Amino acid sequence: MNTKDEIIKMIKDLPDNVTMEEIMHELYVRINMERGAQDLTKGKAASHKTPKMRSGKLLH
């Protein structure tokens, strides 16, 4: 399945009353999960000791 078909399926699996913002959030999460998986396979994953910014808050 190509990327376009995967995204169409993802959207079809969402509830009928989904908002544009919720669709955008799902796409954002998917993109970041795929980037993270690619980084892991390339050995580029950040150490668990590295603080990350999430939703404007510093996580440790």
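This is a predicted model: local features need pLDDT of at least 70, side-chain atom pairs count only at pLDDT 80 or more; totals for chains, interfaces and linings use all residues.
Local features require pLDDT of at least 70 and side-chain atom pairs count only at pLDDT 80 or more, while totals for chains, interfaces and linings use all residues. Residues are numbered from 1 along each chain as its sequence is written, and side-chain values use heavy atoms, with hydrogens and water left out.

**View 1. Salt bridge between Arg30 and Glu6.** A salt bridge is a side-chain nitrogen of Lys or Arg within 4 Å of a carboxyl oxygen of Asp or Glu; the count by this rule is 3. For Arg30 and Glu6, the N to O distance is 2.3 Å. The pair joins distant parts of the chain, 24 residues apart, with Arg30 in helix H2 (residues 20-41) and Glu6 in helix H1 (residues 3-13). Helices are DSSP runs (H or I, at least four residues), numbered from the N terminus. Arg30 is partly exposed, at 22% relative accessible area, and Glu6 is partly exposed at 25% (buried is under 20%, exposed over 50%, partly exposed in between, with a 1.4 Å probe and protein chains only).

**View 2. Salt bridge between Arg30 and Glu34.** The closest N and O atoms of this pair lie 3.2 Å apart. Both residues belong to helix H2, 4 residues apart, or about one helical turn. Glu34 is partly exposed, with 38% relative accessibility. A network of salt bridges links Glu6, Arg30 and Glu34.

**View 3. Salt bridge between Lys9 and Asp13.** Here the closest N and O atoms are 2.7 Å apart. Lys9 and Asp13 are both found in helix H1, separated by 4 residues, about one turn of the helix. Lys9 is partly exposed at 42% relative accessible area, whereas Asp13 is exposed at 55%.

How values were computed
Helices (H or I, at least four residues) and strands (E, at least two) are DSSP runs, numbered from the N terminus.
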